[in-house]
Amino acid sequence: ATLERLRGQDAAHYLHPFTDSRELAAIGARVITHAEGIYVFDGEGRKILDGMSGLWCVNLGYGRREIADAVHRQMLELPYYNSFFQTTHPRAVELATRLATLAPAAGETRFDHVFFSSSGSESNDTNIRLVRRYWDLMGQPQRKTLISRWNGYHGSTIGGASLSGMSGMHSQGDLPIPGVAHIMQPFAFEHAHPGESRDDFGLRAARALEEKILELGPDTVAAFIAEPVQGAGGVIIPPDSYWPEIQRIVDKYGILLISDEVICAFGRLGHWFAYEKFGYRPDLVTFAKGVTSGYVPLGGVMVGSRVAKVLVEQGGEFNHGYTYSGHPVACQAALTTLDIMQAEGLVERVRSDTGPWLAQGFAALADHPLVGLAESCGMVAGLQLVRDRASNTLFDSALGVGMLCRGHCFNNGVIMRAVGDRMIIAPPLVMTRSDIDELLRLIRHALDLTLADVRA
Ligand code: PLP
């Protein structure tokens, strides 16, 4: 009865993000009541392995008392203060210093400065303003355009949704804003020509950037922004040839490179920052989510020395900031999260132990009759559901096979996300090998149930 009342009130009052409200009212929301470790529990008493770490953020798992205690202490000591108008406070400074220490130099670029926000979206809006400000200060105000990729995701604010390459977002609200252009994504499964090698495809996908720069006029382009591995687009892992070619192109035209690491930073790919894994040299790095393991909202931008030097030395006041930029409670949650990650050696564990373990086990799912491709990178993974494996023929999207599979996952104890007919995971970084085995067993079971439905 309590559950039904909650569902009724939910449908009556709560406008959910990324949800069809009428559909939700018809089926009733799934209610997550509590969580512990890598499991969430629903109102019907199910124990469900959270293969998505919430929304790619609860990297340390649920119920970490150290974070709760530290946040509680911080709330009593200094629950809020800001850093506008020449004030500061210890936690923001400590976190900025800590992040500057963690972010490796990329070639000549050092990451000594950080700007804080409360989310990935706000951080990418900050990026738009930062790069335009940079080019203004450089005496090239005509460099305004940011280039991003179709099927990339960079947030839901007007700026973030514009940078995102989701046509379903653009069609709602007259987006993108002027000064944003999109190029193809490096998704070999979908876009490679027959017979084209993965690396040849990667070069072609990267060269779409050069073509776009030339089309727009090189002196009008401010920056290129991309996720190291696309997350919300369906865990799309670029060919090895992709990032080096992107680096060559941004260097050639002198445009800024923004690495949107909202999902990929803080150990998800086995490194503190993903640009290190792929070996490219960004000027700005967006982060959020995992920095606090999702316990308290916090995001930000690591500002590389090329931009920081101009901004700090010539910029004067940057007329930009959020009430909650550097929120002390959020910063404390981040500091404790980073303490735990370091004490438990989680980044190293993902890189050399659990990441490779997941890679092996996940790739083995490709023997399933429904799976056309299964690949992972660190602790993100995606598999493509197909109607016919020999020819990689997709299902008619109207059949909603991905959604069907998602339902079987949930009802049988594991959360996977469906992006069309791509099934994706981003499990907590604290998972052990045996947790991963359990995750894979649950996924295979859900695939079997989906197959039975499809054949029926
Ligand atoms: N950028 C990337 C790569 C993301 O995955 C997300 C969220 O999933 C965002 C930006 C937006 O972050 P937020 O939802 O915190 O605004």
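Guide: A residue counts as near a molecule if its C-beta atom, placed from the backbone, lies within 6 Å of it. In this predicted model, 17 residues surround the ligand, and the closest are Ser-119, Gly-120, Ser-121, Gly-155 and Val-262. Helix α6, residues 120-137, gives the most to this shell, with 3 residues. By type, the shell divides into 6 nonpolar, 9 polar and 2 charged residues.

Now to the domains. Domain 1 covers 31-63 + 345-455, and domain 2 covers 70-343. Their C-alpha centres lie 26 Å apart. The contact takes 25 residues from domain 1 and 22 residues from domain 2. On the side of domain 1 that touches domain 2, at least two residues each are supplied by α3 (53-56), α15 (346-363), β11 (371-377), β12 (380-385) and β14 (422-425). The largest share of that side, 5 residues, comes from α15. Its residues divide into 16 nonpolar, 6 polar and 3 charged.

The nonpolar core comes next. The largest one has 127 residues, and those with the most contacts inside it are Ala-223, Phe-224, Leu-256, Met-302 and Val-414. Helix α14, residues 328-343, provides the largest share of this core, 7 residues. Domain 1 and domain 2 each contribute at least three residues to the core. Leaving out residues up to four places away in sequence, Val-414 touches Ile-48, Leu-49, Gly-51, Cys-409, Leu-439, Leu-442, Ile-443 and Ala-446. In soluble globular proteins, nonpolar side chains tend to be buried together.

Note on methods:
Residues are numbered from 1 along each chain as its sequence is written. This is a predicted model: local features need pLDDT of at least 70, side-chain atom pairs count only at pLDDT 80 or more; totals for chains, interfaces and linings use all residues. Helices (H or I, at least four residues) and strands (E, at least two) are DSSP runs, numbered from the N terminus. Ala, Val, Leu, Ile, Met, Phe, Trp, Tyr, Cys and Pro count as nonpolar, Asp, Glu, Lys and Arg as charged, and the others, Gly among them, as polar. A nonpolar core is a set of buried Ala, Val, Leu, Ile, Met, Phe, Trp, Tyr and Cys residues joined through C-beta atoms within 7 Å. A residue is buried if 20 or more other C-beta atoms lie within 10 Å of its own, exposed if 12 or fewer, and partly exposed in between; C-beta atoms are placed from the backbone. Domain bounds come from an automatic or database domain assignment. Two residues are in contact if their C-beta atoms, placed from the backbone, lie within 7 Å.
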